[in-house]
There are 4 protein chains.
Amino acid sequence: MSERVFHWPVRVYWEDTDAGGIVFYANYLKFFERARTEWLRHLGVNQHALRDSTGGMFVVSTSQLNYLRPARLDDMLTVSAELTQISRASMTITQTAQRMDETTGPVTLCVGTIGIAWVNAQTLRPERIPPHVVSVLQDRH
Amino acid sequence: MSERVFHWPVRVYWEDTDAGGIVFYANYLKFFERARTEWLRHLGVNQHALRDSTGGMFVVSTSQLNYLRPARLDDMLTVSAELTQISRASMTITQTAQRMDETTGPVTLCVGTIGIAWVNAQTLRPERIPPHVVSVLQDRH
Amino acid sequence: MSERVFHWPVRVYWEDTDAGGIVFYANYLKFFERARTEWLRHLGVNQHALRDSTGGMFVVSTSQLNYLRPARLDDMLTVSAELTQISRASMTITQTAQRMDETTGPVTLCVGTIGIAWVNAQTLRPERIPPHVVSVLQDRH
Amino acid sequence: MSERVFHWPVRVYWEDTDAGGIVFYANYLKFFERARTEWLRHLGVNQHALRDSTGGMFVVSTSQLNYLRPARLDDMLTVSAELTQISRASMTITQTAQRMDETTGPVTLCVGTIGIAWVNAQTLRPERIPPHVVSVLQDRH
């Protein structure tokens, strides 16, 4: 496993499930967001502080998810985030949610590709990602 | 049924349920919020416009809910909102969620009492509710 | 506008927004789900009853969303659902969320392609969609 | 601080906030649920396993929350759970969400009192809490 891939643990609570007895599919977008946020924080990029200092923010522009196997209440998941493309105005993060099965090893439950853009927080129009943020991210690419 | 009580229909979708097969209890706060918002809109009070014109907004300061019976996927609920107290800085809304049962009539699933305050949208500090809003609400009290 | 395209109104409430002041992107999956559910109900397909009678249920297997423009608090959206592919075990629904702008007409905020599979509700393993459901859907295709 | 009080860290993500720029009030019920679940797990009570072995489950029957101060994106909160009453069929948990302020120490954002009942998972009718669970909880009371 490359060091370029960031991992974050996510526990499944009642709030995450639906009447099918499994994690509601829309909630994987929340799990993926948490891992991306912690990955950025790990790199020293604080989104709240960035918004105050630059007037801009990251927004999700595209999401593509494949739901392979269900997660259930009390499951402990590992969510990954890996930067797979970055340009001056956008980046792509590839992510997975896995459950560690004691007998078979890691089982991949969901795979996602998330497109991220940088926008002006007031106008929400696309702008260039602040150069020092691009530098930090490219060093890890 | 008094005219003072506002009613709003709410359908139960997958997003509202949990692995117990019923509506997740926290979501009644969302259902109650929708009914309060539509009640205010019905009285000509648009929260988004109010915030732009006055710099203030309503926030929930207290919530007290009793969960009596469960709601399930596809249930059609009727959510009520009734102003039961108003002062210069706060108000209390009493709310219920009911399901219409074909044989027994309305069945009350959840009863709530919601305390609302008015705050400055920037500082989030309590302020007086704009007088024209109080007037509109008191006329309906 | 073809009759094959189903439309459903969705109002934006506080619960749908995030600190960016706009609808949280994961919530478009909820809006799309509501429209698909109402489209199925419109065709006489009740998911809750189907599960009781057949032991199976529809699940989302893939989702692909493009977020084009933001929606905000109090916005009134129109969400579409159109069946664009169906086989014995799966189908594809193409969906949009639009806001009606008084001066420019409809503005598309989000476009999605949702892959749906039919599974055994206990084992969650893929099975064939009940034939009478396929028939109903194909008649509308 | 008594050992009887359990604490659990909760980070605020985009999913938790609303257009007011603060944590959406309904989400404190989620934060409190996470802390209660981890408290039970800490005592060796696994809700998923309990449901399989006894056919019953805990449900929230009442909730009473006071929202004192707002939490914001990226805030790190500490959520407490303390068993303050238990009988054969129900219990009461008192909870708080606090933010650690570097200059002033802990700031209490939300205080809650949650009533919990034990129900048959199929019928959802109240039943007695399994005696071994009551024993475990009373030892910690």
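What rotation and what shift along its axis superpose chain B on chain D? A rotation of 180° with 0.0 Å of shift does so, at an RMSD of 0.0 Å, where copies are superposed by least squares on the C-alpha atoms of residues with pLDDT of at least 70 in both. The two copies are thus related as by a two-fold rotation axis.

This is a predicted model, in which local features need pLDDT of at least 70, side-chain atom pairs count only at pLDDT 80 or more, and totals for chains, interfaces and linings use all residues. Residues are numbered from 1 along each chain as its sequence is written, while chains are lettered from A and ligands numbered from 1 in the order in which they are written.

**Confidence**
- The model scores ipTM 0.93 and pTM 0.95.
- Chain A averages a pLDDT (the predictor's confidence in each residue, from 0 to 100) of 93, and 96% of its residues score at least 70.

**Symmetry**
- B:Gln64 comes closest to the rotation axis of the residues of chain B, with its C-alpha at 2.1 Å.

- In chain C, β4 (residues 90–101) and β5 (residues 105–120) pair in the antiparallel sense over twelve bridges.
- C:Thr92 stands opposite C:Gly115 in β5(C).

Notes
Pairing = 2+ DSSP bridges. Helix = DSSP H or I, 4+ residues; strand = E, 2+ residues; numbered from the N terminus.
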